Amino acid sequence: MGGMKKGSGDLSFEDDSKGNEETDAKSQSGEAPTATPEQDADTTSTGSSDSDNTGSVTDASSETESDSAEESPTYPYFVRRSNVGDERDTRLEIHVRDDVADTETEFLNNLAEELGTTDVAKTDAREYALVLAHERPELVAELMQEDGYGELD
C-alpha cells in the first residue's frame, strides 16, 4: 500500500481533506516523484554494465518468465478447482428420455469404478461424456442411426 499516508488507518474523516487535496493537486499537475542523483546513478550503472552481466540478467529473467508461464497451465482442472462449478460459467439444459435418465446412476457408478473412486459428480460425468462425443462424432452418429435417425429422409 505505497500510496497511503502514514497513519491512514485512522478512519476519522474530520478535516482531513486538506492533506488529500494537496496530494490530489500534485498528482493532477503531473508532478512525479523525482529520483535522487544516487538512484539515477544506480539505474545508469546497472543499465550500462558489461555484456556478461547483462546477459545473465536477461537469462535469469527469461527463465523466471518461462517458469511462471509453465506453472499456471500445468495444474489440471480437477486440481485447480475448489468446487464442481469452478470455471463452468455456461449452463446447458438437456432433455432426455426416461431410459437415459434411468441409466445415469449406473453410468456414474461404472465411471467411479473406472476412476478408482467411490463418487463422481454428475456435472463432471456429463461434461466429459459430451467432450468425448465431440471428439468421436462417428460414435454418436452410429447411436443415432441405430435409433432410426435419417430413416424418414
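**Figure 1. A salt bridge joins D147 and R97.** In this view, D147 and R97 form a salt bridge whose closest N and O atoms are 2.9 Å apart. The structure you are looking at is a predicted model. D147 sits in the segment after α8 (137-146), while R97 belongs to the loop between α4 and α5, so the pair ties together parts that are 50 residues apart in sequence. Is D147 buried or exposed? D147 is exposed, because its relative accessible area is 54% and exposed means over 50%.

**Figure 2. R81 meets D124 in a salt bridge.** Here the closest N and O atoms of R81 and D124 are 2.7 Å apart. R81 has a relative accessible area of 19% and is buried. D124 is also buried, at 6%. Both labels follow because buried means under 20% relative accessible area.

Figure 3. R88 counts as buried, with 16% relative accessibility.

**Figure 4. The surroundings of D124.** Which residues touch D124, leaving aside its neighbours within four places in sequence? They are Y77, F78, R81, V84 and R88. Salt bridges that share partners join R81, R88, D124 and E127 into one network. A search of the whole structure finds seven salt bridges.

**Figure 5. Helices α6 and α7 pack against each other.** Helix α6 covers residues 104-115, and helix α7 covers residues 122-135. Their axes are 11 Å apart and meet at an angle of about 90 degrees. That makes α6 roughly perpendicular to α7, because angles of 65 to 115 degrees count as roughly perpendicular. On the α6 side, the contact is made by E104, F107, L108 and L111; on the α7 side, by K122, A125, R126 and A129.

Figure 6. F78, Y128 and V131 make a nonpolar surface patch of about 270 Å². V131 lies in helix α7 and counts as partly exposed, at 33% relative accessibility.

**Figure 7. Stepping back to the protein chain.** How many helices and strands does the protein chain have? There are eight helices and zero strands. Of its 153 residues, 6% count as buried. The chain exposes about 13800 Å², with carbon and sulfur atoms supplying 52% of that area. Among contacts with a separation of 6 or more, 36% come from residues 24 or more positions apart.

How values were computed
Residues are numbered from 1 along each chain as its sequence is written. This is a predicted model: local features need pLDDT of at least 70, side-chain atom pairs count only at pLDDT 80 or more; totals for chains, interfaces and linings use all residues. Side-chain values use heavy atoms; hydrogens and water are left out. Patches are made of residues with over 30% relative accessible area and no salt bridge: like charges are joined within 9 Å, nonpolar side chains (Val, Leu, Ile, Met, Phe, Trp, Tyr) within 5 Å. Accessible areas come from the Shrake-Rupley method with a 1.4 Å probe; for residues, only the protein chains shown count as cover. A salt bridge is a side-chain nitrogen of Lys or Arg within 4 Å of a carboxyl oxygen of Asp or Glu. Helices (H or I, at least four residues) and strands (E, at least two) are DSSP runs, numbered from the N terminus. Buried means under 20% relative accessible area, exposed over 50%, partly exposed in between (1.4 Å probe, protein chains only). Contact means heavy atoms within 4.5 Å. Axes are lines fitted to C-alpha atoms, for helices over the stretch in contact, and angles run from 0 to 180 degrees between N-to-C directions. Angles under 35 degrees count as roughly parallel, over 145 as roughly antiparallel, 65 to 115 as roughly perpendicular and the rest as oblique.
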